[in-house]
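Today's plan was to open this model and note what I looked up, entry by entry. Here is the thing itself before my notes start.

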Amino acid sequence: MSTSFTINVPATSANIGPGFDVMGLSLSLYLTVKARVDPQQPTTPTNISLVYEGENSSGLSLDPNTNLITRTSLYVLACSGHQGFPHPTTVAVNNRIPLGRGLGSSGAAVVAGVLLANAIASLNLSQQRMLDYCLMIEHHPDNVAAALVGGFVASYLIDVDRSGNIPESEADPAVVQQKQREQMAAAADDSVKLPPDNIGHFLRLECSPKIKAIAIIPQFELATSKARAALPGSYKTQDVVFNLQRLAVLTTALGRETPDPWLIYRAMEDKVHQPYRMHLIPGLPEILATFNPDNTPGLLGICLSGAGPTILALAVSNFDEIAAKICAIIDRQPSIDLPTDYKVLDIVSEGASCVESSL
């Protein structure tokens, strides 16, 4: 008899305006991983057979040692004394989260990999310990915390040493090569770097069920590393205060039973990351300057989703109309070749899940 596990991890939108590297929302768009364990199949060094389904799979590695989901699993297993999966396992991935768009695709892959290892080897990791593993790999708690626990989440991260044999979530070739060198050095003394306990902490905040998330998705990718490279090395005190004031208000404003449009709109303004990334997202300056709750009924606020290029609009009504207006501005930019996509998504309260069944 074989055993199967079905893992679902939601997409996420991070920052939500002023909450740079702090806040995240989990959204009703999922990465699904189905793992079938069959001890009767021939063994391999990793015992993993990896396949992808769906539109968001182009260019992803099928090598278990380089694919982000499975190499995350292998790292977690190595930390528990397992060299590869315990039994031959077919891992089928259906990813509905657009890649490189600021919707937490890499964070979802890391969370899925941790849950997969936990299930395959019956590790019985607590949610907090799974978060520790996630944060050793994906360095931004806003995405992985929201993906793991669900809802509207605030989080913070403790600085830790990630040198050595830790997988790297960012697919920058130079970073990957450096990680490979570090992993070879770590393997020389047969050591595995375990995550420290309680790397990150989170708090789930209230979010009105009346609010939906409109994800405006341009048809080009933007690497997180490139978006971060656009940020300055230091900030003016007044800009930091500007964000802190709005962040303090936003954490409560979204949870009111009847959302206040202008309160939320102003609270979603930002001076820490969006001004420095404007040039990377065609049409963003015009979008932020054009739409507000007075001229766009139902709108609550607009911001970059994560590092972009996806633009997030929170609203309580007229979702398709709002999306069409924003898409129209992007599509008339000279550098845009393909029509902009959009999705109207729920903010989901349930995070990542894993269901076991026998076949």
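**Ground rules.** I take helices (H or I, at least four residues) and strands (E, at least two) as DSSP runs, numbered from the N terminus. This is a predicted model, so I kept its terms in mind: local features need pLDDT of at least 70, side-chain atom pairs count only at pLDDT 80 or more, and totals for chains, interfaces and linings use all residues. Residues are numbered from 1 along each chain as its sequence is written, and side-chain values use heavy atoms, with hydrogens and water left out.

**Entry 1, the whole protein.** I counted eleven helices and eleven strands. Next I checked the radius of gyration, taken over C-alpha atoms, against the globule rule of 2.2 Å times the number of residues to the power 0.38. For 359 residues a compact globule would come near 21 Å, and the protein has 21 Å, which agrees. Along the principal axes, the C-alpha atoms fill a box of roughly 65 × 45 × 40 Å.

I then looked at burial, where buried means under 20% relative accessible area, exposed over 50%, and partly exposed in between (1.4 Å probe, protein chains only). Buried residues make up 54% of the 359. For contacts (heavy atoms within 4.5 Å), I noted that 78% of those with a separation of 6 or more join residues 24 or more positions apart.

Nonpolar side chains tend to be buried together in soluble globular proteins. I call a nonpolar core a set of buried Ala, Val, Leu, Ile, Met, Phe, Trp, Tyr and Cys residues joined through side-chain atoms within 4.5 Å. The largest one here has 79 residues, and Ile69, Val91, Val111 and Leu314 have the most contacts inside it. Helix H2 (residues 105–120) gives the most to this core, with eleven residues. A second, separate core holds 24 residues, including Ile216, Ala307, Phe319 and Ile322.

Leaving aside residues up to four places away in sequence, Val111 touches Val9, Cys134, Val144, Ala147, Leu148 and Ala352.

Is H3 mostly covered or uncovered? I found H3 (residues 127–137) mostly covered, with nine of its eleven residues buried. Among the buried ones are Arg129, Asp132 and Cys134. The buried residues of H3 pack against helix H1 (68–79), H2, helix H4 (141–149), strand S5 (152–157) and strand S6 (200–205).

Two strands pair if DSSP finds at least two bridges between them. On that basis I traced a four-stranded open sheet in the order S8-S9-S7-S10, with antiparallel pairing. Its edge strands are S8 (299–304) and S10 (341–346), each pairing on one side only. The twist averages 20° from one strand to the next. Inside the sheet, S7 (residues 212–217) and S9 (residues 311–315) share five bridges, and Ala215 has Leu312 in S9 as its bridge partner.

Which helix packs on this sheet? I found H11 (residues 319–331) there, touching S7, S8, S9 and S10, with its direction at about 25° to that of S7. Here axes are lines fitted to C-alpha atoms, for helices over the stretch in contact, and angles run from 0 to 180 degrees between N-to-C directions.

Strand S3 (residues 48–53) has Ile48, Leu50 and Tyr52 on a covered face, and Ser49, Val51 and Glu53 on an uncovered one. Six bridges join S3 to S4 (residues 89–95), and the two run parallel. Leu50 stands opposite Val91 in S4.

Most residues other than glycine have a negative phi, and most peptide bonds are trans. I was glad to meet a few exceptions.

- Ile16 has a positive phi of about 50°; it lies in the loop between S1 (3–14) and S2 (23–37) and is buried at 0% relative accessible area.
- Asn124 has phi near 55°; it is found in the loop between H2 and H3 and is exposed at 69%.
- The peptide bond from Gly308 to Pro309 is cis, with omega near 5°; Pro309 lies in the loop between S8 and S9.

Last, I visited His140, in the loop between H3 and H4. His140 is buried, at 17% relative accessible area. Not counting residues up to four places away in sequence, His140 touches Asp21, Leu135, Thr224 and Arg228.
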